[in-house]
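Student: I'd like to go through this one label by label. Can you show me where each term comes from?

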Amino acid sequence: MKNFLGLLLTTVVLMACNKKPEAGNFTLNLSHEVDGERLALDNMRYSSPAGHTYEITKLWYYLSDIRLIETDGTIQNAAEGFLVKAEDTNTQSISLNDVAAGNYNKIQFQFGISKANNVEDYLVATVDNQSMFWPEQMEAEGEKGDYHYMKLEGNYDSLKTGKLNPYIVHSGPTNGADNSFIIEFPLEEFEINNNSAELNIKVNLKEWLQNPTVYDFKDWKMVMMNQNAQNIYKANGQSVFSAGQLTISEE
Ligand SMILES: [Cu+2]
């Protein structure tokens, strides 16, 4: 009888171990494109919706507050901010480790940094993060808006006249406004249980310049203090990101 009880207990414990779901990993892979073509920096090969030939020389931006949402609505939140740099592929894969076991069917993340988070100590004081500071004179009195959301820069050939002009598309918290926005994708239901999930996300940079508003570089010189420019970025930005394939691999 004693032996039988021991065996029974062992069996129960083993079953419990086998059944307990384990945390896993989730990775976002970003691929930067201009109209279906992989982004080539410093290359005067693109045509803007307003009719200018242009190049992109710099693209840095933050994604933050990544939320994986379970089928029952539970939110698993990775609260930190991630700096993505077009020239550095290491920054284009964002890995969340220790994602709670569960069934998921939605992802949300913030383009830029929400007003609540956009304070100096939100990000580690690296040289890169410090170069993304939003100047104090562009904050309203008593407001704190510490970081740009994005620096997109380059040159354009004004209506193909051969004359090159620089442009900047700098988005951020003009006068303390929250110009960041949430991007949300429904996902085919998947389970995290001692495995890894990877989601490819296409970033079509041309969408910053269109849909719904055609953005003409020549009309916008000062953009950081101009809430009208920021409104265009916020609206056009909605179609920049699209979800691609979701891959699940067992550990
Ligand atoms: Cu700026």
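Predicted model: local features only at pLDDT ≥ 70, side-chain atom pairs only at ≥ 80, totals over all residues.

Student: Why is N118 called buried?

Tutor: Buried takes 20 or more other C-beta atoms within 10 Å of a residue's own; 12 or fewer makes it exposed, anything in between partly exposed, with C-beta atoms placed from the backbone. N118 has 28 within 10 Å, so it's buried. Its place is in the loop between strand 7 and helix 2 (127-130); helices are DSSP runs of H or I with at least four residues, strands are E runs of at least two, both numbered from the N terminus.

Student: What does N118 touch?

Tutor: Contact means C-beta atoms, placed from the backbone, within 7 Å. Leaving out residues up to four places away in sequence, N118 touches I113, G145, D146, Y147 and P173.

Student: How do you know that strand 4 and strand 7 pair?

Tutor: Pairing requires at least two DSSP bridges between the strands. Strand 4 (residues 53-70) and strand 7 (residues 102-111) have six, in the antiparallel sense, so they pair.

Student: What makes a set of residues a nonpolar core, and which residues have the most contacts inside the largest one?

Tutor: A nonpolar core is a set of buried Ala, Val, Leu, Ile, Met, Phe, Trp, Tyr and Cys residues joined through C-beta atoms within 7 Å. The largest has 47 residues, and Y62 and L63 have the most contacts inside it. Strand 4 gives the largest share of this core, nine residues. Among the residues Y62 touches are F82, L83, I113 and Y147.

Student: Why are the buried residues of helix 3 said to be on the same side?

Tutor: In helix 3 (residues 227-236) the buried ones are A229, Q230, I232, Y233 and N236. The arc is that of the directions from the helix axis to the C-beta atoms. Here they cover only 155°, which puts them on the same side of helix 3. Those buried residues pack against strand 9 (164-171).

How values were computed
Residues numbered from 1 in each chain as written. Contact = placed C-beta atoms within 7 Å.
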